[in-house]
Amino acid sequence: MGLLIKGGRIITSTDDERADIYCAGEQITRIEAGIDQSSLPPDTEVVDATGKIVFPGFIDPHVHVHLPFMGSNAIDDWTTVSQAALAGGTTTLIEMICPGPKDEPRAAFEEWLGHAKGKAACDFTFHMSAVRFDALAQSQLRDIAIDCGIPSFKVFLAYKGALDLPDEHLFGLLTMAKKLGVIVTAHCENAELIDAMQKRLIAEGKTGPEWHEPSRPTAVEAEGVHHLATFAEMTGAHIYTVHTSCFQAVEAALHARARGVNIWIEAVAPHLVLDKTYAEKPNFEGAKYVMSPPLRKKWHKKYLWNWLRGREISTIGTDHAPFNFGDQKIMGKDAFTKIPNGIPSVSERVDLIHTFGVCAGKIDLHTMVDACSTQAARIFGLYPRKGTIRVGADADLVVYDPDHKRKLTVKDSLSAVDYNAYEGWEVTGRSEVVTVRGKVQARNGKFVGAQPHGQLLKREPTHF
Ligand code: URP
Ligand code: ZN
Ligand code: ZN
């Protein structure tokens with residue numbers, strides 16, 4: 001059965017055009033003004049997009065689903081996370097595979113893939129974390145990147161003793177990545193400084209969630225970015241800083257770029273719309289807003305938005321990492337160091353960026369598409385199959401009502417997590433119809449599609 005999206009305003013990262021889109025099967029096959037319906041098969045499904053915007057399906061380049069972390073497990077599975085993503089207009093998720101330091105990479109890859117396969121309702125791929133770099137790990141990481149089609153690694157400079165990779169191994173990994181054409185994504189915060197600061201604050205009796213940010217201030221993140229960039233400078237590897245939260249960290253990345261380092265910068269929705277005062281809410285409510293890097297002072301947001309507008313920051317992800325408030329965040333009641341880190345946002349990202357970015361005049365619609373879809377596709381080897389609207393691309397489409405107003409609430413969310421960090425916030429804009437490879441998967445915030453429908457997207461290395 002074909003799908004016709006009629007009368008919409010098509011917005012890509014560069015273009016703005018009124019035309020109909022016809023999808024025969026999984027791909028877009030025609031984009032023309034006024035497609036004559038009598039030229040199409042009689043069972044064609046027609047979506048009226050009059051007065052609506054048609055966006056390419058949004059891509060979230062940074063989510064956690066299966067995440068054993070800080071003594072707990074993230075609460076979504078691929079059923080709930082993919083439905084939540086689709087309800088919010090996101091049609092492709094890139095999940096971080098985060099094994100423990102003793103786990104073999106190949107086994108971890110199979111484990112993470114096993115969780116997604118047969119459950120995902122949207123398309124997906126992974127970034128493969130390197131938490132060890134012995135000979136066995138090297139050969140398995142190579143196989144995962146090349147043979148399994150996962151040409152993006154992840155390193156953590158933070159989380160001492162759990163996920164962090166020592167410098168000797170960082171050098172080895174970046175050297176290998178350069179040879180293979182694999183991009184290395186990185187969580188940039190100095191693990192030693194955080195460890196020392198945490199110990200000091202806890203010893204001083206500063207145990208509440210409001211002390212999370214002071215334990216890892218902006219300088220700690222900027223050092224991490226500079227550190228990684230120096231290693232990239234020495235090896236020629238291409239790097240991508242995830243969830244870059246503050247002026248100082250982006251500045252360090254831009255300095256590196258000016259020196260010739262191939263560096264891409266990701267912002268995430270929580271850092272663009274929330275700030276440090278949320279983590280200071282009384283009665284432990286601040287724990288809902290504990291993530292790393294932490295929420296910063298308000299003024300940083302202005303820089304992040306302006307750097308998005310100038311396209312110095314390439315992508316907007318979420319770092320969706322859902323831990324319940326009731327029985328998981330509470331583990332850190334007596335010490336902020338034990339609060340599982342993460343602010344779930346996979347369903348809310350697109351409407352938050354539309355409301356507080358586009359409607360607020362900070363970025364235009366093209367920049368929104370670029371940051372929330374096109375750049376992730378380009379950087380991670382999915383373009384032009386994903387990330388744009390053109391003949392031959394996958395029919396991942398979002399028919400968007402830019403005027404719809406509603407309040408965000410945990411009750412309407414399809415994620416399994418027990419709170420909404422944006423509870424009661426009014427947003428403007430909603431994904432009315434969301435398709436994945438030609439199939440309608442969500443309508444008006446509800447999942448209406450097939451599960452499983454999602455495919456693993458195998459990619460080629462492009463970062464030589
Ligand atoms: O707070 C966060 N970011 N939680 C998820 C793990 C990570 O560092 O990305
Ligand atoms: Zn991280
Ligand atoms: Zn993350």
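Domain bounds in this account come from an automatic or database domain assignment, and the model to which they are applied is a predicted one. On that basis the protein chain is divided into two parts: domain 1, which is made up of the segments 3-55 and 390-447, and domain 2, which covers 57-379. The C-alpha centres of domain 1 and domain 2 are 27 Å apart, and where the domains meet, 42 residues of domain 1 are in contact with 47 residues of domain 2.

From the domains we can turn to the ligand. Ligand 1 sits in the largest cavity, where 13 residues surround it, the closest being Tyr159, His187, Ser292, Asp319 and Asn341. By residue class, the shell around ligand 1 divides into five nonpolar, seven polar and one charged.

Some individual atom pairs can then be followed between the protein and the oxygen atoms of ligand 1. In the case of tyrosine 159, an N or O atom of the side chain is 2.6 Å from an oxygen atom of ligand 1, whereas for serine 292 a backbone N or O atom lies 2.8 Å from an oxygen atom of the ligand. Glycine 342 also takes part through its backbone, with a polar atom there 3.5 Å from an oxygen atom of ligand 1. Taken alone, ligand 1 exposes 270 Å², and the protein buries 99% of that area.

Technical notes:
Residues are numbered from 1 along each chain as its sequence is written. Chains are lettered from A and ligands numbered from 1 in the order in which they are written. This is a predicted model: local features need pLDDT of at least 70, side-chain atom pairs count only at pLDDT 80 or more; totals for chains, interfaces and linings use all residues. Side-chain values use heavy atoms; hydrogens and water are left out. A residue is near a molecule or strand if one of its heavy atoms lies within 4 Å of it. A polar contact is a pair of N or O atoms within 3.5 Å; within protein, one must be able to donate a hydrogen and the other to accept it, and residues adjacent in sequence count only if both atoms are side-chain atoms. Accessible areas come from the Shrake-Rupley method with a 1.4 Å probe; for residues, only the protein chains shown count as cover. On a 1 Å grid over the protein atoms alone, a cavity is a set of points where a 1.4 Å probe fits but cannot get out, and a pocket is an open set with protein on both sides within 12 Å along at least five of seven lines; lining residues have an atom within 4 Å of a point. A molecule sits in a cavity or pocket if more than half of its atoms lie within 2 Å of its grid points. Ala, Val, Leu, Ile, Met, Phe, Trp, Tyr, Cys and Pro count as nonpolar, Asp, Glu, Lys and Arg as charged, and the others, Gly among them, as polar. Contact means heavy atoms within 4.5 Å.
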